[in-house]
Amino acid sequence: MSATKTGLRVAVVGGGWAGCAAAVELAHKGIHVTLFEAARSLGGRARGVEVQGKMLDNGQHILLGAYKETLKLLKRVGVDPRAALLRLPLQMRYPAGSGGMDFVAPRLPAPWHMAIALMRAQGLAREDKLALARFTTSARWMRWGLNDDVPVSVLLERFDQTERLIRLMWRPLCLAALNTPPERASANVFLAVLRDSLGAKRAASDMLVPRLDLGALFPVAAARHLEAKGGAVHVGAKVGALARAGAGWEVQVGADWHSFDAVVLATPPTQAASLLAPLGETAIAGQLDAFEYEPISTCYLQYDATVRLPLPFCALLDAPDDGRFGQFVFDRGQLDPEQAGLLAVVVSAAGAAAALDQDALAAAIARQLAAALGLPGLATPLWSRVITDKRATFACTPGLARPGNATSLPGLVLAGDYTASDYPATLESAVRSGQGAATAILAYARLPRENSSLSHAAGGTAAGSVQ
């Protein structure tokens with residue numbers, strides 16, 4: 001391993017967005033980083049996959065303008081956010097004639113962008129608009145938080161939100177942001193998302209849709225950046241065990257053991273728990289094992305290249321009991337001209353959808369699109385592909401205890417979108433967690449090794465650093 005400014009050697013176990021963020025931050029500080037990823041590609045649950053000769057995503061994502069750390073990190077690894085992301089104003093728009101609504105914020109300073117959007121909104125009655133205004137005013141007064149967390153459905157009931165507003169705005173927003181149904185979703189986490197969208201400056205509330213596949217957007221560029229800094233990236237390298245070795249760590253990959261000064265454990269919660277338990281870190285392992293999960297399905301439907309939606313993406317009225325599963329549809333051709341005619345439909349909290357055969361789900365979604373857009377031809381795509389991640393995110397329930405970056409083991413920290421944060425499992429929370437892990441490693445590196453304890457080094461900032 002080549003020498004670095006600090007001489008510290010750190011292993012990052014897991015090449016998702018959190019692991020890549022930690023690796024980039026550490027390399028930026030002159031630390032030699034070796035990144036291990038069990039899969040053959042980087043990105044974890046937000047990566048590029050090849051389908052029918054096209055590079056797509058294992059799940060369609062929307063970012064927010066408030067994702068400052070993600071945008072900053074993209075620039076650091078050489079990705080221009082202005083070219084890589086389509087920036088749109090905050091909106092919730094349904095196809096014309098579908099019985100939905102049309103809500104879009106103009107490019108005005110806050111709070112005027114929200115006030116004008118509410119005045120101009122179509123498909124909402126006067127009582128709906130008054131309910132929305134009352135809710136946002138009350139949420140600001142509460143500083144976007146509750147003393148005692150409750151389900152989102154209880155929060156909406158407390159503030160007399162109308163049935164139509166819940167159906168057209170609050171429920172789809174909750175599903176998209178938390179991937180948890182309102183009846184089980186954390187009101188405090190939902191309020192934190194609204195704080196940075198409905199209650200934020202206009203630019204922070206903007207919606208950013210990736211033009212690149214999610215692997216090219218960050219993980220691939222992060223790997224190039226890491227290698228340019230003297231680090232190493234190993235894909236197809238599954239870490240089977242970790243072990244203390246004096247003041248450092250041993251990392252098992254296959255039959256071989258590799259020595260490091262510190263380790264960032266950036267695997268999904270279940271894998272992290274299995275690596276932590278043999279080390280005696282049973283409290284965190286038990287906490288992670290107790291997590292529940294929600295699936296996400298993304299259905300890709302290819303049509304003739306002339307097919308084009310009126311908008312880059314729009315909302316859909318879902319009703320799983322009636323065979324309408326999709327909540328948002330994206331026109332990939334408006335993001336990348338080489339994908340003309342390709343539509344991506346997202347199904348969040350996709351328990352009912354995931355239970356269906358892939359062909360049956362794709363056929364149901366195609367019929368839903370045809371009816372919603374008034375285009376019967378959409379019922380028969382040229383080809384379709386459903387990608388379902390059954391453990392896409394943890395179920396973001398009220399009062400869920402999430403661990404911080406620190407462990408009780410010197411030189412071992414956690415990174416992942418599941419760590420302590422006021423955000424749900426998003427790309428931004430993954431990036432912030434990776435940065436928090438890097439900060440904790442740097443604090444550990446500054447301590448005399450014989451007296452070091454990472455839990456003390458990180459102190460109260462380990463969890464707070466990812467807020």
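How many cavities of 30 Å³ or more does the count come to? In this predicted model, local features need pLDDT of at least 70 and side-chain atom pairs count only at pLDDT 80 or more, whereas totals for chains, interfaces and linings use all residues. Residues are numbered from 1 along each chain as its sequence is written, and side-chain values use heavy atoms, with hydrogens and water left out.

The count comes to two cavities of 30 Å³ or more, where a cavity is a set of points, on a 1 Å grid over the protein atoms alone, at which a 1.4 Å probe fits but cannot get out, and where lining residues have an atom within 4 Å of a point. Grid points are joined across faces, edges and corners, and a volume is the space filled by probe spheres set on the points. The largest cavity, with a volume of about 40 Å³, is lined by Leu90, Gln91, Met92, Phe103, Met169, Leu173 and Leu198. Two or more of these lining residues come from each of β7 (91-93) and α7, helices being DSSP runs of H or I with at least four residues and strands runs of E with at least two, numbered from the N terminus. This lining divides into six nonpolar residues, one polar and no charged; Ala, Val, Leu, Ile, Met, Phe, Trp, Tyr, Cys and Pro count as nonpolar, Asp, Glu, Lys and Arg as charged, and the others, Gly among them, as polar.

The second largest cavity holds about 30 Å³ of space, and its lining has nine nonpolar residues, with no polar and no charged ones. Helix α11 (219-228) gives the most to this lining, with four residues, while α1 (17-28) also supplies at least two.

Helix α8 (residues 187-195) is largely enclosed by the rest of the structure, because seven of its nine residues are buried, that is, under 20% relative accessible area with a 1.4 Å probe and protein chains only. The buried residues, among them Phe190 and Leu194, pack against α5 (126-141), α6 (152-158) and α7 (163-178). At the start of α8, a side-chain oxygen of Ser186 comes within 3.4 Å of the backbone nitrogen of Asn188.

Tyr67, placed in the loop between β5 (63-64) and α2 (68-76), counts as buried because its relative accessibility is 7%. When residues up to four places away in sequence are not counted, Tyr67 touches Tyr423, Thr426 and Glu428, a contact meaning heavy atoms within 4.5 Å. Tyr67 and Ser205 lie 138 residues apart in sequence, yet 9.6 Å apart in space, C-alpha to C-alpha.

Note on methods. Buried means under 20% relative accessible area, exposed over 50%, partly exposed in between (1.4 Å probe, protein chains only). A polar contact is a pair of N or O atoms within 3.5 Å; within protein, one must be able to donate a hydrogen and the other to accept it, and residues adjacent in sequence count only if both atoms are side-chain atoms. On a 1 Å grid over the protein atoms alone, a cavity is a set of points where a 1.4 Å probe fits but cannot get out, and a pocket is an open set with protein on both sides within 12 Å along at least five of seven lines; lining residues have an atom within 4 Å of a point.
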